[in-house]
Amino acid sequence: MANREVVYSTCKSCHGGCGVKVTKEDGVVVHIEGNPDSLTGGTMCSKGLSSIQHIDNPYRLKYPMKQVGKKGEGKWERISWDEALDTIADKMKAAIKDYGPHTIAISQGTGRGYNRYTMRLARSLGTGNAITPGYVCHSPRLGLYALVTGYGRLYCDYHGWGGEFPKTQIMWAKQLEISSADSEMCYWYMRSLDYVKNLIIIDPRASAYATRANLWIQPRPGTDCALALGMMNVIYEEELWDKEFVDNWTFGFEELRERVKDFTPEKVSDICWIPKEHVIEAARMWAIDTPGTIQVGSSLERQANCGHTLRAITCLMGLAGNIERPGSMVSWVLPDTGLIEDFNLELPITDEMKSKIIGGDRFKMGATRTCNPDTMVKRLLAGDAPIKVWFSVGGQQIVHMANTKEVVAAIERVEFMSHTDLFMGPMAEAADIVLPAAHWLELDDVYDMHPRFMIEAHNKVIEPPGEAMSDAWIFNEIGKRVVPDKWWDTVEDMLDYQIRRGEGPDGGPLKWKDFSEKLVSGCWGPDQVYYKYKTDFWREGGGFPTPSGKFEFKSNHLESLGYDPLPVYAEPGESPVSTPDLFKEYPLVMSSGYRQPFYFLGQYRNIPWLRSFMEFPTCQLHPETAKLYGVEDGDIVWIEGPRGRIRQKLRTFPGIKRGVLMATANCFYPEEPAKGYHGVFISNPNVLTSNDHLDPMYGSPDLTCLLCKVYKAKDEELKEEVFRNEEYGFVPPHSQEDM
Ligand SMILES: Nc1nc2c(c(=O)[nH]1)N[C@H]1C(S)=C(S)[C@@H](COP(=O)(O)OP(=O)(O)OC[C@H]3O[C@@H](n4cnc5c(=O)[nH]c(N)nc54)[C@H](O)[C@@H]3O)O[C@H]1N2
Ligand SMILES: Nc1nc2c(c(=O)[nH]1)N[C@H]1C(S)=C(S)[C@@H](COP(=O)(O)OP(=O)(O)OC[C@H]3O[C@@H](n4cnc5c(=O)[nH]c(N)nc54)[C@H](O)[C@@H]3O)O[C@H]1N2
Ligand code: SF4
Ligand SMILES: [Mo]
């Protein structure tokens, strides 16, 4: 009889958060399903369900290794953990001594629950040069929410805990049904749709719910700020704003009126290429049918006008009084463990650290706690070597940053880089040392990502393969070697510390062992608090935690930093309007968001179950647009822009705006050789994106609004690389079985 055991845990095969029930037999995971008693009601997606194929995967890194050839040559030799960690720690110590701690960069990819370790390591070493994709993903919205309301974490209240569900919901450049868990979990969103009166989708391309929407607006990519200003214009003209909220709790209402005066529905129709009626209808639904929520998507943050776009959208929330009201945009009361992020925030970022942040002098909203990665690339290329040692954990900067050619050239110039990952991939190939990370089924940790009303437990189900170790262990080991007073003896001590403010079963501090059994701790249902600004919650006598004590339509703080204090529209760096000559040669507006349900950014093309859904990255064109350029559904097409060209498979789709091309982003091919960084130049839209046009506040590049042309790839151009494969069946070249 097999020895069968069930372990409850939390998935993080994406940003994470779904409660799971894992069955193992004789130490092998045989089944994964959702935990029906968890906050996500037993639901899971294809990525989480495929986790069994992540564990025993031929691309898994199992041992620390050092690169014995040149970067990108793929020549590796196994080393011990001690040699790997000591080498990295010695490099860090030498950099601190010779050049200063700011020459060390600590990087991660999108949030995987170890953000707080990345930031703590950076701060404990004394460097402000953490590198994250936050500047194209979430940081702008959190920063702007904080600027306007004083509190950065505004979430959509889909839960009905305050007695109301949102009557109007806007999905603005967002497909939450696929991108869950991002801000909110789609489980709660989907349930709330039973109660919605107006579902508004703002997306040039039909996402899954577009046909169900009461209003689907298809703006030209990169023009969303104009749409938000136009909706506000209608709200002012028709006097639809929330009088009680505006009169008592806001600052700058008249100045904003003046600012949006010119943005008539006619003008917005011209800028966004949409019917003017859509602007009017959306404004009326939003301001009349309250409460309402706006789910912001990160396509809006991957633009060089993202600061003002997010600011304009936040102002829209305030005009309709959709703040802190049940069924609107709310800031959650935290679990009794408090903000787990305090684990890093408790180490202050000093003025000295701030002054050395790369890009900090230019991007005064964004590069304050992390560096501006595009500026770092430019400086590395210019030869002034601002980074000597790069400790990279779980991000694919080579794939995800704008202008791949420059990014590769810059990263190859970094004197010493280590990379920690589950799988072999482009960033690992660029590293001098790679460290093997444990999968979520193989580790204990506290899950603390979105949303902020609960934390959950990742419980170890099985042992990691080879010598892989948890990220928490790796961070702690590096920390201990370089700044021992800021780190812990064991991972368990570190976990206990993070949740110490929670209450344990004996009334004392909550300990990891008890939390691990408890699985979740949080504040939800009737315990949540709404209308905090009407109480002493943020300030005595009520109000917001902003300089004026009000919800700030106008920001004097922004003005003091040299920015416009009110939202302002700017065209993308390359567009039919800003670069009309270029538009003649590249007549399509291109965007490169659009998440795929079975991939997570660059991840999972090595997972057979998931790869079988989409062998090659696809791009979409309207059938009429495709006809115009002589390409057909199923063609492998070249997508070409001023900086290069890539190939993707064309899918014609009547649901996409004419004249717009949508490409799958974050593409590389694990099965392609190390040389060329696993095919990072073949299909990745960042070969085409520019790192020259950056948002003045956040430094974000235009990843979702550029220009391109499209044409069919010739047969002889498909003989090489991945496109030669007629059928699915890739062979991993990187098996570590024999190491
Ligand atoms: N053109 C274009 N560019 C984009 C985007 C776009 O839409 N268009 N999107 C942008 C956005 S929003 C983001 S967030 C970035 C994302 O960029 P990245 O976060 O860099 O994306 P991934 O390809 O998922 O890389 C994550 C890496 O982490 C590894 N990993 C996963 N889990 C763990 C773990 O638990 N521990 C460790 N150590 N490693 C782990 C994975 O194997 C993978 O190698 O890309 C950005 N770039
Ligand atoms: N399955 C899966 N889930 C994911 C990810 C994944 O790769 N796969 N990635 C995770 C990450 S890091 C993030 S940041 C989130 C992102 O999650 P989302 O924000 O939902 O990201 P996307 O699907 O890239 O973009 C959403 C929509 O924006 C539209 N769009 C593109 N450009 C524009 C524009 O200029 N204006 C408007 N109005 N719409 C535009 C696209 O057509 C798309 O339907 O998802 C997370 N969740
Ligand atoms: S949505 Fe994310 S957390 Fe939930 S099952 Fe899918 S991968 Fe796992
Ligand atoms: Mo992201």
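## Strand S16 and its neighbours

His419 stands opposite Val434 in S17, where strands are DSSP runs of type E with at least two residues, numbered from the N terminus. S16 is joined to strand S17 (residues 433-436) by four bridges, and the two run parallel; two strands are said to pair if DSSP finds at least two bridges between them. Strands of a sheet pair through backbone hydrogen bonds, either parallel or antiparallel.

Strand S16 (residues 416-421) is mostly covered, since six of its six residues are buried; buried means under 20% relative accessible area, exposed means over 50%, and partly exposed lies in between, judged with a 1.4 Å probe and the protein chains only. Both faces of S16 are covered, with Phe416, Ser418 and Thr420 buried on one side and Met417, His419 and Asp421 buried on the other.

## How to read this model

This is a predicted model, in which local features need pLDDT of at least 70 and side-chain atom pairs count only at pLDDT 80 or more, while totals for chains, interfaces and linings use all residues. Residues are numbered from 1 along each chain as its sequence is written, chains are lettered from A and ligands numbered from 1 in the order in which they are written, and side-chain values use heavy atoms, with hydrogens and water left out.

## The surroundings of ligand 1

Around ligand 1 there are 31 residues, of which Thr110, Gly394, Gln396, His400 and Asp421 come nearest; a residue is counted as near if one of its heavy atoms lies within 4 Å of the molecule. A backbone N or O atom of Thr110 lies 2.6 Å from an oxygen atom of ligand 1, whereas a nitrogen atom of ligand 1 is 3.3 Å from a backbone N or O atom of Thr420. The side chain of Asn686 also takes part, with an N or O atom 2.8 Å from a nitrogen atom of ligand 1. Taken alone, ligand 1 exposes 920 Å², and the protein buries 98% of that, with areas computed by the Shrake-Rupley method and a 1.4 Å probe.

## The surroundings of ligand 2

Ligand 2 has 34 residues around it, and those that come nearest are Asp203, Asp224, Tyr594, Tyr599 and Leu601. A polar side-chain atom of Asp203 lies 2.5 Å from an oxygen atom of ligand 2, and a polar backbone atom of Ser298 is 3.0 Å from an oxygen atom of the ligand. For Tyr599, a backbone N or O atom lies 2.6 Å from a nitrogen atom of ligand 2. Taken alone, ligand 2 exposes 920 Å², of which the protein buries 99%.

## Helix H13

Helices are DSSP runs of type H or I with at least four residues. The 14 residues of helix H13 (residues 306-319) should span 20 Å at 1.5 Å a residue, and this agrees with the end C-alpha atoms, which are 20 Å apart; the expected span is 1.5 Å times one less than the number of residues. H13 is mostly covered, as 14 of its 14 residues are buried. Just after H13, Gly321 takes a positive phi of about 65°.

## A three-stranded open sheet

An open sheet of three strands has the order S18-S19-S20, with antiparallel pairing. Strand S18 (445-447) and strand S20 (520-522) are the edge strands, each pairing on one side only. Three bridges join strand S19 (residues 454-458) to S20, and Ile455 has Ser521 in S20 as its bridge partner.

Terms used
Polar contact = N/O pair within 3.5 Å; in protein donor to acceptor, adjacent residues only side chain to side chain.
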